[in-house]
Amino acid sequence: MGIEYFSEELKRSVQGKKVAVFSHPRVDPDGFAAALVSSYMLNYIGALSSYAYLDDMNSLAKRMNEKYRPSAPPADFLPDIALVVDACGLKYSHRGKEFHGSEVFVIDHHQCGSISGSKSFVDPHASSSCELILKISSSLGFALTPDMATALLAGLLFDTAIFKYAGSESVISAAELINIGGDYQTALTFSKRELTKSLRMAKLKAAKSIELLNSGDLIIAFTTTDIFEGEIAEALLNLGADIAFVAAPRGKGVRVSGRADEKAVSSGINLADFFKESGGGHEGAAGAYIEDSVENVLRGIKTRLIARLKTGSF
Ligand SMILES: [Mn+2]
């Protein structure tokens, strides 16, 4: 759905309505800022009330939460409409299952495929959801405050790993946010994870159980952890792997993070496509939640990966 049409539909639908804003589990700065700013924007365009459901955060989002302190939805809040940001629809959102209202909107930058039953503005070429919120706010005539611009900038910096994965659009959006009054230094403090002792321990522990697979010129690494699966997958690429999968038990299933370097991506590997419906992400960085044991999940990934590498059908 084009941005103008999406914005108009959103505005028309939320008039006088109660709106819930959801994002993905263990929300990161991109999801957090996108949800936070959306809730203000929805109030501005005519919602009766709007709240972001942000009670499952990663450590950086928690830091943002300390500063922004968004009001939590009242216990008796019964939303009519849901807006899902930074996730491919209600199904992938934290607490989306609790929503029993009538209409769902989605704003996301992951490769979502078709999202049934929702009106969506999805741009997989955007590096962050915060860039999309910036665009939608300007199309709705909603003026961002400097604090909101800082939050969106933090989300953009986090998702682009501080411009490592940024296209020209992200750089332009960042400049626009700074012009509005966004503070780059503050945004940086929300987007860079400190190398805490627990993160370093988790990386080193995960390194003890790395399994390697060779395929032509590519080195593929697998390991498990309890926490920080994304950071560990990233660290495995820094160690020299071309593709890394890290599995962490979470609830009744397993959260898997995958990373692929430029060489792997240019040879046709697309991790978002690899995980399909069970996950979301981009060609070089994607994750999935799969209900099974860690062993089964990693074995399944290996089997599918070997089959795909053999046939070159990535
Ligand atoms: Mn994102």
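## Terms and model

Two strands pair if DSSP finds at least two bridges between them. Helices (H or I, at least four residues) and strands (E, at least two) are DSSP runs, numbered from the N terminus.

This is a predicted model, in which local features need pLDDT of at least 70, side-chain atom pairs count only at pLDDT 80 or more, and totals for chains, interfaces and linings use all residues. Residue numbers start from 1 along each chain as its sequence is written.

## Overall form

The protein chain has 12 helices and 11 strands. Its C-alpha atoms fill a box of roughly 55 × 40 × 35 Å along the principal axes.

An automatic or database domain assignment divides the protein chain into domain 1 (3-191) and domain 2 (197-311). The C-alpha centres of domain 1 and domain 2 lie 27 Å apart.

## The sheet

Five strands form an open sheet in the order β2-β1-β3-β4-β5, with parallel pairing. Its edge strands, β2 (49-52) and β5 (119-122), each pair on one side only. The twist averages 15° from one strand to the next; axes are lines fitted to C-alpha atoms, for helices over the stretch in contact, and angles run from 0 to 180 degrees between N-to-C directions.

Strand β3 (residues 81-85) and strand β4 (residues 103-108) run parallel and are joined by five bridges. Ala82 has Val104 as its bridge partner in β4. Helix α2 (residues 29-45) packs on the sheet, touching β1 (18-22), β2, β3 and β4, and its direction makes about 175° with that of β2. Helix α4 (residues 129-139) also packs on the sheet, where it touches β3, β4 and β5; its direction makes about 115° with that of β4. Contact means that the C-beta atoms of two residues, placed from the backbone, lie within 7 Å.

## Buried residues and cores

Of the 314 residues in the protein chain, 46% are buried. A residue is buried if 20 or more other C-beta atoms lie within 10 Å of its own, exposed if 12 or fewer, and partly exposed in between, with C-beta atoms placed from the backbone.

A nonpolar core is a set of buried Ala, Val, Leu, Ile, Met, Phe, Trp, Tyr and Cys residues joined through C-beta atoms within 7 Å. In the largest nonpolar core, of 60 residues, Val21, Ala33, Val37, Leu83 and Leu152 touch the most other members. A second, separate core has 35 residues, including Ile220, Phe228, Ala244 and Val297.
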